[in-house]
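Please look over the sequence and the model before reading on. The report that follows takes up a pocket, then the chain as a whole, and then a few individual residues.

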Amino acid sequence: MTGRIILIGSLIQGVLCGFSITQPNNLEVLSGSCAFIPCTFDIDPEYNNDLTANARRLWYKNGIPYQKVFDSRSPSSGVLNGTIFGNALDKNCTTRFHYVTQNNIGRYHFRLQGNNKLQYNYATLQMNVRDSPPKPKVSIYMQQQEVVEGTSVILRCSVKMFCSSHPPALIWSTSTIVSIREQQRQIQSDLISDLHFTVTHQHHRVNFTCMISYQLQNRNTSAQESMTLHVQYAPKNTSVFVSPSGCVLEGRSVSLTCSSDGNPAVINFTWHRDTEGHLKHLQTGPDLIFDKTEPKHSGRYYCTAHNKHGNQNSTTLMLDVQCEYLSSSHLSDSLDIDVVEVDLEVQKISQTKKVQVRAGSVSISYCWPGSVKLSLRRLSVLLMMVLKASCVSRQKVVMETRMKNKEANAM
């Protein structure tokens, strides 16, 4: 009994002088997978002659009493079957347990048994067993602070490998089609995948998902994580809209609105008018409003959208302010309207009647069956239409009628 007390005393002395171990304090493993313990040890030089290549390397689970779970001399017969790497002379205690479950949660310690008095229990580690894998980590690597259109970025997905001999499968997915170069590698206990590509505005708010899948001995399990990419870009799709749409009548209110897509959002707009090839700066802001339109407001308009990454011009919008006249019901039979020319024609074969009214550069034609007579009222409607199109002022009528064939007098 006295000799045993002396041995323990000498080993405690050894802890202070040379016995040490390098291993994780906490080991997290996945149920159904393997447990890999990186481990090296050292002994007090006093016991160097007692260490041989065949020294027993054992693992115990702490408890009352201690439970031997692994023995290097019979690695497949213990509670935890596994493999211990190297030999004792290498001072290697790295071990892989092939299959662990929730029942294996607990504290474990490594024990070295050499010749003579070399027997030592090293410090403990905690083994935690989780039922499902953690989510992978998805992050972005870049040189600049902002992701700007046209720059190259790297999206990284990293995941811990619980068992390096059976690493998980790692798969990327995205809602957009991009030209991507992927690189996968293992760094210690991590599996890393990098996506390399050049970003465009089409990648803005696009989700990139990294999924890991484990094929375990008794089941398959997976986990995934997503990242939304935010891309900054100059204005795109800049355009001008008019409200109300359709014919713009003199004296009415009309507004032009400029819209554009950009990130950061476009808040600076500039309006321009192209009059006979000369550009004129009008005002800033998304809306250009005319409370009471006049013919002089007619012209080609476009806007320019600005943000810190650039600017873009819209296509040109033609604003045509037309004169507003009395309806045809207010026209008298005297046709108190300035008309340049009226052509009357009858087709001999089909007996189809045709009238053409021209005022300035505008011309309107109207055809009807020969059995129907052309009244002055019907002609006045045609005159009204052409005058509205040409904005000719109402004056005394100057009417000239040309008969294209003698049968036209049947009208």
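## The second largest pocket

In this predicted model, the second largest pocket holds about 200 Å³ of space. Its lining is made up of Pro24, Asn26, Leu27, Glu28, Val29, Phe36, Pro38, Lys160, Met161, Phe162, Ser164 and Ser189.

Strand S2, which covers residues 26–30, gives the largest share of the lining of this pocket, namely four residues.

## The chain and the confidence of the model

The protein chain has 411 residues, of which 41% count as buried, and its secondary structure comprises two helices and 31 strands. Among the contacts in the protein chain with a separation of 6 or more, 62% are accounted for by residues 24 or more positions apart.

The average pLDDT of the protein chain is 78, and 72% of the residues score at least 70. Of the elements of the chain, strand S9 (residues 106–113) has the highest mean pLDDT, 97, whereas helix H1 (residues 2–17) has the lowest, 34. Over residues 1–16 the pLDDT is below 50, and the model gives this stretch ten contacts beyond near neighbours in sequence. Residues 325–341 also have a pLDDT that stays under 50, and for them the model has 56 contacts beyond four places in sequence. Where pLDDT is low, the predicted coordinates should not be read in detail.

Thr95 belongs to strand S8, which spans residues 95–97. Is this residue, Thr95, buried or exposed? Thr95 counts as buried because its relative accessibility is 0%, a value under the 20% that sets the limit for buried residues.

The side chain of Thr95 makes a polar contact of 2.9 Å with the side chain of Trp59. When residues up to four places away in sequence are not counted, Thr95 touches Ala35, Phe36, Ile37, Trp59, Phe70, Thr83, Ile84 and Phe85. One of these residues, Phe36, is also part of the lining of the second largest pocket.

## Val69 in strand S6

Val69 is found in strand S6, which runs over residues 67–71, and with a relative accessible area of 2% it is buried. Leaving aside neighbours within four places in sequence, Val69 is in contact with Trp59, Tyr60, Lys61, Gly78, Val79, Leu80 and Tyr108.

## Thr270 in strand S21

Thr270 has its place in strand S21, residues 268–275. Thr270 counts as buried because its relative accessibility is 14%, which lies under the 20% limit. A polar contact of 3.2 Å joins the side chain of Thr270 to the side chain of His306.

## Cis peptide bonds

Which residues are joined by a cis peptide bond with omega of about -5°? Ile64 and Pro65 are joined in this way, and Pro65 lies in the loop between strand S5 (56–61) and strand S6.

The peptide bond from Ser243 to Pro244 is cis as well, with omega near -5°. Pro244 is found in the loop that lies between strand S18 (233–243) and strand S19 (248–249).

## Asparagines with positive phi

Asn116 is not a glycine, and yet it has a positive phi of about 55°. The place of Asn116 is in the loop between strand S9 and strand S10 (119–130), and Asn116 counts as exposed because its relative accessible area is 60%, a value over the 50% that sets the limit for exposed residues.

Asn237 likewise has a positive phi of about 55° although it is not a glycine. Whereas Asn116 lies in a loop, Asn237 is found in strand S18. At 60% relative accessibility, Asn237 too counts as exposed.

Technical notes. Residues are numbered from 1 along each chain as its sequence is written. This is a predicted model: local features need pLDDT of at least 70, side-chain atom pairs count only at pLDDT 80 or more; totals for chains, interfaces and linings use all residues. Side-chain values use heavy atoms; hydrogens and water are left out. Buried means under 20% relative accessible area, exposed over 50%, partly exposed in between (1.4 Å probe, protein chains only). A polar contact is a pair of N or O atoms within 3.5 Å; within protein, one must be able to donate a hydrogen and the other to accept it, and residues adjacent in sequence count only if both atoms are side-chain atoms. Contact means heavy atoms within 4.5 Å. On a 1 Å grid over the protein atoms alone, a cavity is a set of points where a 1.4 Å probe fits but cannot get out, and a pocket is an open set with protein on both sides within 12 Å along at least five of seven lines; lining residues have an atom within 4 Å of a point. Grid points are joined across faces, edges and corners, and a volume is the space filled by probe spheres set on the points. pLDDT is the predictor's confidence in each residue, from 0 to 100.
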